[in-house]
Every structure is written in structure tokens, then in C-alpha cells.
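Please keep the structure open while reading.

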Amino acid sequence: MDIKIREAVMNDYESLCEIYVELDEQHRLNHPELFIKPEDYARAKEYISEIINDSNKALFVADIDTKVVAFAECFIQKSSNFPVIKKREWVQLDGIAVKRDYQKYHIGSLLLRKVVEWAKCQEIKRIELKVYSFNKYADEFYSRKGFKDLSKAMYLDL
């Protein structure tokens, strides 16, 4: 199986939307109080276009025989202007998603490697991400790759 990692192009839009559907369903099933099923595609073409055309953002895809089966979405983030916050930049990894049928081929690792490469090209030395607590697979994946816990979000339903 020949897996190619490359930057996304607008012609990937429909394939990306298929992957977003799987990703969004996972979130909706685990947190129906937060997520709903959209009537149309959950990501507008303008959203994808903005990522593709912004030099501070990146959207990488994995394709197998010209079929897009996964993506990694990230962007450069800057610290807020607050006296106790150190001025810094990092790459915020918004997510890596791999279609169910392709999840055992190390495609996530290939995409993460591409994100690391992109961060280094931007002269950024840190990548941060957020993982929902229900997503044990992602949590374990990132831990194996050397990511460490930074904070924890909590909630109380009333």
C-alpha cells in the first residue's frame, strides 16, 4: 500500500468532508449535549480554502491510490498579551483523523511526522493539542509519540 502525505488542495474537499463526518459522529455520540449533526457539510468550502491559503495554517492529507483517507489540521498560535504569560508561538494541532478502514496502517504517525516537519520549517519548537477524554485511542497515540499532559478541562452539569 503506497501512502502519500501531501498538502490538501480544494479538489480534496468532498473526501475531507467524508472524514469529518466520521470524526464529528464520534464527538456527537460521546457528547450529544455539545455536538449536533449538521444539515449540510460540517465544514464549508470557505473554511477549507482559508486553511489551504493561509501560511500560518496547514492541512495535510494522506492518500492511497489518489483516495484521501486521512488528514491533519494545524495552525500557528501565539500567546495572549498578559503580564504573567511568556511570549511564545506554538503549532496547535487541531486534529488528526483517519478513516476507520485505514486506522491500522500508521497513517496517523505519518501525518504527525509531517506536522512536526512543518513546525520546524516555521522555526517553531512546540506542538500542543487537545484531546477529549473519551478518545482513549488518540490519548494513547499522542502519549506514545512523546506528548505530555499540560492541563485538564472539567465541567459540571447543573
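The notes below cover a helix pair, a further helix and the cysteines.

This is a predicted model. Helices α1 and α2 pack at an angle of about 105 degrees. The structure holds zero disulfides.

**Helices α1 and α2**
- Helix α1 spans residues 13-30, and helix α2 spans residues 45-53.
- Their axes lie 11 Å apart.
- At about 105 degrees, the two helices are therefore roughly perpendicular to each other.
- On the α1 side, Y13, L16 and Y20 make the contact.
- On the α2 side, K45, Y47 and I48 make the contact.
- Five of these contact residues are nonpolar, none is polar and one is charged.

**Helix α3**
- Helix α3 covers residues 107-121, which is 15 residues.
- From first C-alpha to last, α3 reaches 21 Å, close to the 21 Å expected at 1.5 Å a residue.
- Its buried residues are I107, G108, S109, L111, L112, V115, W118 and A119.
- These buried residues pack against the strands β1 (3-7), β2 (57-64), β3 (67-78), β4 (89-98) and β5 (127-129), and against helix α4 (136-144).
- E123 follows α3 and has a positive phi, near 60 degrees.

**Cysteines**
- For C17, the closest cysteine sulfur is in C74, 18 Å away and too far for a bond.
- C17 counts as buried, because its relative accessibility is 3%.
- C121 is in no disulfide either; its nearest cysteine sulfur, that of C74, is 12 Å away.
- C121 is exposed, with a relative accessible area of 61%.

Technical notes:
Residues are numbered from 1 along each chain as its sequence is written. This is a predicted model: local features need pLDDT of at least 70, side-chain atom pairs count only at pLDDT 80 or more; totals for chains, interfaces and linings use all residues. Side-chain values use heavy atoms; hydrogens and water are left out. Axes are lines fitted to C-alpha atoms, for helices over the stretch in contact, and angles run from 0 to 180 degrees between N-to-C directions. Helices (H or I, at least four residues) and strands (E, at least two) are DSSP runs, numbered from the N terminus. Angles under 35 degrees count as roughly parallel, over 145 as roughly antiparallel, 65 to 115 as roughly perpendicular and the rest as oblique. Contact means heavy atoms within 4.5 Å. Ala, Val, Leu, Ile, Met, Phe, Trp, Tyr, Cys and Pro count as nonpolar, Asp, Glu, Lys and Arg as charged, and the others, Gly among them, as polar. A disulfide is a pair of cysteine sulfur atoms within 2.5 Å. Buried means under 20% relative accessible area, exposed over 50%, partly exposed in between (1.4 Å probe, protein chains only). The expected span of a helix is 1.5 Å times one less than its number of residues.
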